[in-house]
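Please work through the following exercises with the sequence and the three-dimensional model at hand, and try each task before reading its solution.

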Amino acid sequence: MRDLMEITARPEVISLAGGLPDTSTFPPQSFARQMTKIAQESAAEALQYGPTEGFASTKECIRQVMAAEGMDPDPEDIVVTTGGQQAIDLITKALVDPGDVVIAEAPTYPGAVPVFCSYEAETVQVEMDSDGLRIDRLAETLDRLAADGRTPKFLYSVPSFQNPAGVTLSAERRRRLVDLARERELLVVEDNPYGLLRYEGQPLPTLYELDGGDYVVYLGTFSKILSPGLRLGWLCAPPPVLQKVVLGKQASDLCTSTLAQYFVAEFFAEGRWREYVDSLCDLYRSRRDAMLESLARHFPGEATWSEPEGGLFLWATLPDYIDTTDLLARALRDNVAFVPGAAAFADGQTGRSSMRLNFSGSNEDEIREGIRRIGAVVSEQVELYEAITREGRTLLPEQDAPHPEPEAGADVVPLRRRGEPGG
Ligand SMILES: Cc1ncc(COP(=O)(O)O)c(C=O)c1O
């Protein structure tokens, strides 16, 4: 992933790989106004260290963002973090000892995989479908673990517009998940960077709201609704968990950027943050539609993909003889990039015929051209495979090896094929 990000920073590459929001939409005059105000009125404070938990003024902005999705957290339960990524790191650091089990969706957020690995957690991934995490499969996984005398430290979930699959946990499953968590005393870490980026359909309650915050730790971020450059996120947890998280944060970076927190407070004081989020939704809706149209045009009939109602990503699955890690090398020669599916699995093996595609960081023309180029590379592979199998020969040596058996419970999101009802 690190190498990929370096390559995709080249201007000639159309990158559908990263999860970049379009920061060019943020009005420079507004940025200049807020920073000037800070410089004139609070330069010394804004350039100073701050409390590890974060400023009360930042927590007030966080409360507004959470209230927009129906939540009402106690400011005492909030710690301001250096992005959502640090929140994942801190909760893992606080709770996980080497060998502990963490449950995650299959596929899961590629940036969470190295966190779980670095604390030596064993990540067990549970299947999803187009309604999000399969709660029946989660219950089976918990039973299996319990039979082995193992209790998972937590379930890590991105219920809304999941990164990378683009699917959303249905209302009915949200209730079942919260009930199951209570019944089994399972801590759920709900990571929700995309909840407000909804382009169609009705908003759904968060797990945190449904549960009341007893069994759900909530992670949020300003990255996708304002700016990732600020590196500002947060974590909401009951006091005993929060205390450990704050200790871990002190060891990591003492406090979150004071300057970034001052900026957010100024921006929110203008009272137009919802307007900005609405403008992002309009922009990303059109880009998502451009990507969906292009996929229908340029991808082979055997391919499937999710149709996200929000967020920044969709997940496409190709015929299983295509390895998207190999395909990426070929695509990069045509200056287009995506994230290979294997990055979303802790075993690095499952999901090898899938890819994550981002539609927020490129304009519509780039998206169309990017998908056309990927489609051309995929068609090449399909034709090659068909030609070779027609001749009764085997495939190229490196593609010859059958994909390893996925771990029990771990699989790519099975999606409806085009042409099937609802597909
Ligand atoms: C699900 C998820 N969690 C966390 C993050 C990290 O975001 P941040 O920029 O706030 O660190 C991302 C970024 O793409 C994400 O998709």
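**Exercise 1. Find which residues G310 touches, and state whether G310 is buried or exposed.**

Leaving aside residues up to four places away in sequence, G310 touches F161, L197, R198, Y199 and F359, where contact means heavy atoms within 4.5 Å. The structure is a predicted model, in which local features need pLDDT of at least 70 and side-chain atom pairs count only at pLDDT 80 or more, whereas totals for chains, interfaces and linings use all residues. Residues are numbered from 1 along each chain as its sequence is written, and side-chain values use heavy atoms, with hydrogens and water left out.

**Exercise 2. Determine in what order the strands of the open sheet follow one another.**

The 4 strands are arranged as β10-β11-β14-β13, with antiparallel pairing; two strands pair if DSSP finds at least two bridges between them. At the edges stand β10 (304-305) and β13 (339-340), each of which pairs on one side only. Looking at one pair in detail, β10 is joined to β11 (residues 313-317) in the antiparallel sense over 2 bridges, and T304 stands opposite T317 in β11.

**Exercise 3. Trace which strands pair with β3, and explain why β3 counts as largely enclosed.**

Begin with burial: 6 of the 6 residues of β3 (residues 101-106) are buried, so this strand is largely enclosed by the rest of the structure. Then follow the pairing, in which β3 and β4 (residues 122-129) run parallel over 6 bridges, with V124 in β4 as the bridge partner of I103. Between these two strands the chain passes through helix α5 (residues 113-118), and the β-α-β crossover is right-handed, which means that, with the strands pointing away from the viewer, the path from the first strand over the helix to the second runs clockwise. A further 3 bridges join β3 in parallel to β6 (residues 154-157), where F154 is the bridge partner of V102.

Finally, consider T141 in helix α6 (residues 135-147): T141 touches I103, V124 and V126, again not counting residues up to four places away in sequence, and T141 counts as buried because its relative accessibility is 3%.

**Exercise 4. Identify which side chains make a polar contact with the side chain of K249.**

K249 lies in helix α9 (residues 239-253) and counts as buried at 0% relative accessibility. The residues that K249 touches, beyond those up to four places away in sequence, include V79, V80, Q86 and L90. Its side chain makes a polar contact of 3.4 Å with that of T82 and one of 2.8 Å with that of T256; such a contact is a pair of N or O atoms within 3.5 Å, and within protein one must be able to donate a hydrogen and the other to accept it, while residues adjacent in sequence count only if both atoms are side-chain atoms.

Conventions. Buried means under 20% relative accessible area, exposed over 50%, partly exposed in between (1.4 Å probe, protein chains only).
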